[in-house]
Amino acid sequence: MPSLKEIKGRIASVNSTRKITSAMKMVASSKLHHAQVAIQNMLPYEELLEHILKSFLAAEAEAQTIYDQERPVKRAALVVFSSNSSLCGGFNANIIKQMTHAVDEYAETIGRDNVEIYPIGRKVYEKARKMGLNVQGEYSALADHPNVHDCIEIAMELGRKFAQGEIDKVELIYHHFKSAGSQVLTRKTFLPIDVESELKADHERDLESVIATKQSQEYLKNRGERKDEGAKSEEVKPLNDNFIVEPDMNCVLSLLMPKLAHLMLYTALLDSNASEHAARMVAMQTATDNADELLRQLNLQYNKSRQQAITSELLDIVGGSVNN
């Protein structure tokens, strides 16, 4: 059985660790709030662009551009989003596992050398280099500081390669942020763009709460269901957008499609950034709860050992007085 001094040392050590995990949880919660605000600021642009594209597709379904033309895949690219630091649960491990699975799939048909990796985040960059993959650049700064201009540059480079036939397919691998307690690992096609599936994609997010307990998530889920029921009861109004398209539909779509691509890449980056902070917040909250439970057990063990030592001393005193 450990001595009282050893137990006190363990209690002090666990207390120090608990302070660190609690502080990291609060920092992650603050960063998550800023990430949610960034997504909220992006949503009006997303909604208006989707509104225009839906109207165009309804008006002329046959309109096509070079960015939505499928062709046999001889060369592919993966844009993979991870974090720069650890202590965020299985966030990075899940991303790396999905990237490895995607590379193995392509390796069977086109070979590993024909798969380009665009790593956004130091963890996936280091793993891709270690695996000997064809890494195109290093974009670790974007993982900590999302920047729309850098996203546009990456999207333009991918669009140029796709238009010139250097790559035939581009995929995104990231976590879609739904709420503080739910981040969905997502792998979707970036190029060629399937506009209809992109417009029908799940864009639902909880951008208000930074609480990740089971009870709070159940409450938010029930509240969301009530909102959906209220929305269904409203009268649906058809779109009435009398756009005058000049010079023609294909020309306008050729300008709008790259903007949709820019938005898709930037949205994935914001989702990944918010998911990282949410995952770290949950991991640090779990670590803090485990530390509290360990402290409770150590305090109980300390009190038992102390009581046992006092009882032993009293028995020694009583036994000595009886012998005298």
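What share of the contacts with a separation of 6 or more comes from residues 24 or more positions apart? The share is 79% in this chain. Contact means heavy atoms within 4.5 Å.

## Model and conventions

This is a predicted model, where local features need pLDDT of at least 70, side-chain atom pairs count only at pLDDT 80 or more, and totals for chains, interfaces and linings use all residues. Residues are numbered from 1 along each chain as its sequence is written, and side-chain values use heavy atoms, with hydrogens and water left out.

## Fold and surface

The chain holds eight helices and five strands. Both are DSSP runs numbered from the N terminus: helices are H or I with at least four residues, strands are E with at least two. The order from the N terminus is α-β-α-β-α-β-α-α-β-β-α-α-α.

The chain has 324 residues, and 39% of them count as buried. Buried means under 20% relative accessible area, exposed over 50%, partly exposed in between (1.4 Å probe, protein chains only). Accessible surface totals about 18500 Å². Carbon and sulfur atoms hold 52% of that surface. Areas come from the Shrake-Rupley method with a 1.4 Å probe; for residues, only the protein chains shown count as cover.

## Ser29 in helix H1

Ser29 sits in helix H1 (residues 4-59). Ser29 counts as buried because its relative accessibility is 17%. Leaving out residues up to four places away in sequence, Ser29 touches Val210 and Met281.

## Ile310 in helix H8

Helix H8 (residues 249-323) contains Ile310. Its relative accessibility is 33%, so Ile310 counts as partly exposed.
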